[in-house]
Amino acid sequence: MVEITSNTDALEAVRTVRQVRQYEEGAVSPDDLNQILEIARWTGSSRNTQPWHFVVVDDRRMLKQLSELRENITWVADGALAIAILLPDENPPHEAYDAGRVTERIMIAARFLGLGSGTAWFGEPEREAKAKQLLGVPETMSCHSVVVVGPYITSKDPRPTGPKPGRKSLDELVSYGAYGETR
Ligand SMILES: Cc1cc2nc3c(=O)[nH]c(=O)nc-3n(C[C@H](O)[C@H](O)[C@H](O)COP(=O)(O)O)c2cc1C
């Protein structure tokens, strides 16, 4: 559990939510899982449609099979569990936004509970189709990603070809009043 004794601590905990790809062996307790799912459940969505369905996967064989669907997600095998995000595939732009929001909330909840988490995308339609088959997802629904959760070692990216770490500066990202204007 992250120690939060002030708003500053809480803001810092949110700021430092990172993609975790290296996990320790060990479980996520049923209480922690429940809290994460509660936070997910209360995520806002387009017209409050709450389009998601979550499949919690903690079977090691299944995690391994999912991890083998794409080179970039081999680390899925090492998490304590993964939460697959299923969507009705009726309004992809809205659902993509909703899925992003719920993913981030799961990751923030995990961080507050002292756990690591990371989003893993299945990628091309053929890979997603295999993931859907493994997870028993109905043909009509989509399942682009899982959020892996577990006790973690580090948020350092172990992949040799991972993206550049860090963030752009606020100067690069923000205008005031109109595009390109500074303060
Ligand atoms: C839409 C989306 C898809 C992603 N897919 C993957 C993925 O398949 N595998 C992976 O290791 N990271 C994936 N990531 C994580 C990004 O690489 C990560 O958010 C970014 O590098 C920033 O990492 P940091 O928060 O640890 O600095 C994805 C992130 C997003 C938003």
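Author: One term before the helices. A crossing counts as right-handed if the near helix is turned clockwise from the far one by less than a right angle, and left-handed if anticlockwise. Also, this is a predicted model.

Reader: Fine. Which hand is the crossing of H2 and H4?

Author: Right-handed.

Reader: What angle do H2 and H4 pack at, and how far apart are their axes?

Author: The angle is about 145°. The axes are 9 Å apart. H2 covers residues 30-41, and H4 covers residues 92-112.

Reader: Which residues meet there?

Author: H2 brings Ile36, Ile39 and Ala40. On H4, they meet Val102, Arg105, Ile106, Ala109 and Ala110. By class, that contact has seven nonpolar residues, one charged and no polar.

Reader: What about distances? Start with Arg21.

Author: A side-chain N or O atom of Arg21 is 2.6 Å from a ligand oxygen. For Arg70, a side-chain N or O atom is 2.8 Å from a ligand oxygen.

Reader: And Gln19: backbone or side chain?

Author: Backbone. An N or O atom there lies 3.0 Å from an oxygen of the ligand.

Reader: How much of the ligand's accessible area does the protein cover?

Author: The protein covers 65% of the 630 Å² that the ligand has on its own.

Key. Residues numbered from 1 in each chain as written. Predicted model: local features only at pLDDT ≥ 70, side-chain atom pairs only at ≥ 80, totals over all residues. Heavy atoms only, no water. Axes fitted to C-alpha atoms, helices over the stretch in contact; angles between N-to-C directions. Helix = DSSP H or I, 4+ residues; strand = E, 2+ residues; numbered from the N terminus. Contact = heavy atoms within 4.5 Å. Nonpolar A, V, L, I, M, F, W, Y, C, P; charged D, E, K, R; others polar. Polar contact = N/O pair within 3.5 Å; in protein donor to acceptor, adjacent residues only side chain to side chain. Areas by Shrake-Rupley, 256 points an atom, 1.4 Å probe, with all protein chains shown as cover.
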